[in-house]
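This briefing concerns the surroundings of a ligand, a sheet and a helix. Please consult the sequence and the structure while reading.

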Amino acid sequence: MAGKKLRRDGIIVVENFMSKETCDYLLGNVLALEKTYHASTLLDNDTYLNYRGSESNTNDRGMLDVFNIDHAVPELSKFKTNNSIIDLVQFATRKNCEVFSVNAYLNRGIKTTRDFHVDDLKPITFKGFIYLTDVPDNSYGPYTYVKRSQKFSFFRLLNLVLKVVGYRPGFGDMPLYNKRRVLNAIGKRGSLVLSDQTGIHRGLPQEDSKLRVALVINLICFDERSELNEHWQKVLREKIYYPIPVDNLKREKFEKSPLVGLAHEQRS
Ligand SMILES: O=C(O)CCC(=O)C(=O)O
């Protein structure tokens, strides 16, 4: 049932996917990283904390995107092997799917979230967002998706035409979409939002000081691994993903300090 819905709509929300206790423990770990590192930092365990929008691109300015967080919080590595998320995505796409990395997104009063876009068209990628904080209404900036927009449609064609005539040149931007199909994925902590990233989506802007923290399970789908280019072959071999080349970056020592109590203090 859930797999069929995911295939049709490109998104599903599964409540109570993770227990509240596990959410609080993991939230404590993410908040500890935020408290320790105040600028983009590459750690010697391969975790990369990226504060977005620090360069010329102001999208998501101030949002903390923690790449390869499973290297800092080993309990998360279980998401890389067989689990119900992979099964659902394989059912929906009728393809082989693998998890290639795990991130955490921390949005605290972020106003300049990127407008509607798609991440890619080929290969198909999915993200499983597991909310670690309650997202009870739009002021918390829920993940937002245009249902069925992963399929070819009149709106996709219009966006393509806009691009051809040079309007809105940002890669993947999709300013035109069916407003009647917009789903604001609100939910309590522990909810899983599973989304086909070839569909049109965004995070909504937040109101001041509202906190939203989510784990992000990244999946890629393919018929045969050999059809993927060298970049993806490498990512799948290493199961590590960076947004930038990191070979020449200095690495900081990772000191584990799971301030679990912090989760209770700071959840709003
Ligand atoms: O939930 C969000 O903050 C936005 C997610 C998004 O646009 C993405 O991951 O591509």
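The points below are grouped by topic.

The model is predicted: local features need pLDDT of at least 70, side-chain atom pairs count only at pLDDT 80 or more, and totals for chains, interfaces and linings use all residues. Residues are numbered from 1 along each chain as its sequence is written. Helices (H or I, at least four residues) and strands (E, at least two) are DSSP runs, numbered from the N terminus.

**Ligand shell**
- Tyr105, Asn107, Arg114, Asp119, Lys127, Tyr143, His201, Arg202 and Gly203 surround the ligand; a residue is near a molecule if its C-beta atom, placed from the backbone, lies within 6 Å of it.
- Strands S5 (96-108) and S10 (201-203) each contribute at least two residues to this shell, and S10 gives the largest share, 3 residues.
- The shell comprises 2 nonpolar, 3 polar and 4 charged residues, where Ala, Val, Leu, Ile, Met, Phe, Trp, Tyr, Cys and Pro count as nonpolar, Asp, Glu, Lys and Arg as charged, and the others, Gly among them, as polar.

**Sheet**
- Three strands form an open sheet in the order S8-S7-S10, with antiparallel pairing; two strands pair if DSSP finds at least two bridges between them.
- S8 (182-185) and S10 are the edge strands, each pairing on one side only.
- S7 (residues 143-146) and S10 run antiparallel and are joined by 3 bridges.
- Tyr143 lies opposite Gly203 of S10, and both residues belong to the group surrounding the ligand.

**Helix H2**
- H2 (residues 20-36) has 17 residues and spans 24 Å from first C-alpha to last, close to the 24 Å expected at 1.5 Å a residue; the expected span is 1.5 Å times one less than the number of residues.
- Buried residues in H2 include Cys23, Leu26 and Leu33; buried denotes 20 or more other C-beta atoms within 10 Å of the residue's own, with C-beta atoms placed from the backbone.

Technical notes. Buried ≥ 20, exposed ≤ 12 C-beta atoms within 10 Å, placed from the backbone.
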